[in-house]
Structures are given as C-alpha cells and as structure tokens.
Amino acid sequence: MRVPNSVVLPVGTHVDWCQEEEVKEKRHNIMAKISAMLEERKSNLTHFINNLEGSEEPEFYIDQWERLKEMESCTLTILNLVAVNCTDHRDIKKLEAIILEHVKNEELFPEVVRVLPPVYRQVEAAIVDIAQSEEMADHGMMDLQYLLSKLSQCEHLANLGRELLQDVLRYLHRIGLVVWYEEIKHLESTVFLQPTFLITIFKLLVRYCLVHQLESIS
C-alpha cells in the first residue's frame with residue numbers, strides 16, 4: 001500500500017483441505033474483503049487529508065499532509081486470487097505459469113520491456129557464481145563491501161563501483177534473486193544471497209501452530 005503502482009497476486013493455499021464449492025466461496029469472500037479494505041483505506045486517507053487541510057494552522061502539518069498525499073497516490077492493482085494445493089507439484093507449476101503470464105503483461109509492468117545495461121547481467125551472473133560456490137556459507141549473508149571486493153576480482157568487473165553495485169542490487173532485489181534491506185539501518189550493509197534461507201527462518205518463527213506450541217511449554 002506504500003509502493004507506487006503495486007501489483008498484488010493473492011494466493012490461497014491448503015486447497016486440499018476444502019471442497020470445491022468451499023474454495024469458490026472462500027475466494028469470493030477474500031476478494032470482497034480486499035476490496036472493502038482498499039475502500040476503507042481510501043476513505044481514511046481522504047478523511048485525514050481533509051482534517052489537516054481544514055485545521056486552523058495547516059502549515060504546521062505540511063509534512064504529514066505530504067506523506068498522506070504520497071500514500072494517496074500509490075495505486076494498487078489486485079489480481080484474481082489463485083487457489084493452490086501446495087502438496088501438488090502441478091499446482092505449483094500452475095502458479096508459476098500464472099505469475100510469469102502476469103509479469104510479461106506490459107500494461108501491468110511497463111518496465112518489462114526495458115533493456116538493461118550489460119553490466120547488470122555480468123554482476124548478476126557473478127553473484128550467482130558466488131552464491132553457489134563452496135566457500136559460501138549456508139545462510140548466504142555477505143557484507144556489502146566484501147561483496148564489492150569479490151566482484152571486483154572478476155576481470156570484466158574490475159572497475160565496478162559501490163554506487164553502481166547498489167543500483168544493480170536494487171534491481172536484483174526487485175526480481176527476487178537477492179534480498180537487500182537498504183532502508184533498514186542495521187541491515188543496509190548486509191546482502192542476502194540466499195533468499196530461501198530467510199524463508200526457512202520465517203517458517204520456523206511464523207507458523208500456524210506456533211502459539212499452541214509455545215503455550216504447551218511449562
């Protein structure tokens with residue numbers, strides 16, 4: 001909701017626990033709730049903006065007003081929910097095909113036709129080699145400056161600068177090859193070359209039965 005021109009694909013899992021009619025009903029209910037949530041958000045933003053503009057001294061709230069106007073301009077495109085059975089490989093392949101179909105849609109993603117500079121592909125290939133090397137730790141975490149020094153050892157990347165590397169990392173973060181939280185102060189100097197490791201950590205910490213398991217500990 002804070003990213004301009006976002007495209008969201010809702011995915012419903014555990015289809016194998018539901019009857020076919022129940023899946024249709026749940027899909028309809030979820031999409032209705034999303035629509036209601038977006039309408040409520042739009043209404044709330046309009047209300048807050050009007051309150052600031054109607055205040056006795058609106059100049060004192062200019063920063064808040066600008067942030068709210070920026071959020072108001074962030075549009076969301078919600079695609080139809082995809083229901084999958086995660087235990088069925090065919091459903092996973094179906095989801096993959098649907099995602100690729102949407103990503104190739106130039107109306108949804110105008111930048112899909114943008115031609116990247118050759119150095120982007122070169123850095124991407126070098127990072128893949130580093131991530132798959134035997135010396136890479138399983139967690140895939142690497143200091144940004146150390147990553148730059150490793151990449152600079154490649155003959156065709158000897159002149160790679162930190163600023164250009166950061167531009168490439170932003171692109172690789174957007175496409176999901178790496179994870180780089182540059183806006184988080186404590187993580188801005190760390191690049192996660194193995195995003196699947198983070199998924200494993202999240203699965204351990206955030207799961208359906210976690211509260212029950214914690215409560216069962218004496």
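Tutor: A salt bridge is a side-chain nitrogen of Lys or Arg within 4 Å of a carboxyl oxygen of Asp or Glu. The model here is predicted, so local features need pLDDT of at least 70 and side-chain atom pairs count only at pLDDT 80 or more, while totals for chains, interfaces and linings use all residues. Residues are numbered from 1 along each chain as its sequence is written, and side-chain values use heavy atoms, with hydrogens and water left out.

Student: What makes the contact of E124 and R121 a salt bridge?

Tutor: The side chains of E124 and R121 meet at 3.1 Å, N to O, and because the cut-off is 4 Å, the pair counts as a salt bridge. The two residues are three apart in helix 4, and therefore about one helical turn separates them; helices here are DSSP runs of H or I with at least four residues, strands are runs of E with at least two, and both are numbered from the N terminus.

Student: How do you know that the pair of K150 and E135 links distant parts of the chain?

Tutor: K150 and E135 form a salt bridge at 2.9 Å, N to O. K150 lies in helix 5 (residues 144-152) and E135 in the loop between helix 4 and strand 5 (141-143), and the two are 15 residues apart. K150 is buried because its relative accessibility is 17%, while E135, at 61%, is exposed.

Student: What does the salt bridge of E182 and R170 tie together?

Tutor: The closest N and O atoms of E182 and R170 are 2.8 Å apart. E182 is in the loop between helix 6 and strand 6 (190-192) and R170 is in helix 6, so the bridge ties together parts that are twelve residues apart in sequence. E182 is partly exposed at 28%, and R170 is partly exposed at 29%. Through shared partners, salt bridges join D167, R170 and E182 into one network. The structure holds nine salt bridges.

Student: Why are I99, V103, F109, V112 and V113 called a nonpolar patch?

Tutor: Patch residues have over 30% relative accessible area and no salt bridge, with nonpolar side chains (Val, Leu, Ile, Met, Phe, Trp, Tyr) joined within 5 Å and like charges within 9 Å. V112, at 38%, is partly exposed and therefore passes the 30% limit. V112 is found in the loop between helix 3 (89-103) and helix 4 (118-132), and the five residues of the patch together have about 360 Å² of accessible area, computed by the Shrake-Rupley method with a 1.4 Å probe.

Student: What is remarked about the phi of H14?

Tutor: Most residues other than glycine have a negative phi. The phi of H14 is near 60°, a positive value in a residue other than glycine. H14 lies in the loop between strand 2 (11-12) and helix 1 (20-53), and at 42% relative accessible area H14 is partly exposed.

Student: How far apart are the centres of domain 1 and domain 2?

Tutor: The automatic or database assignment gives domain 1 (7-104) and domain 2 (118-201). The C-alpha centres of these domains lie 30 Å apart.

Definitions and conventions. Buried means under 20% relative accessible area, exposed over 50%, partly exposed in between (1.4 Å probe, protein chains only).
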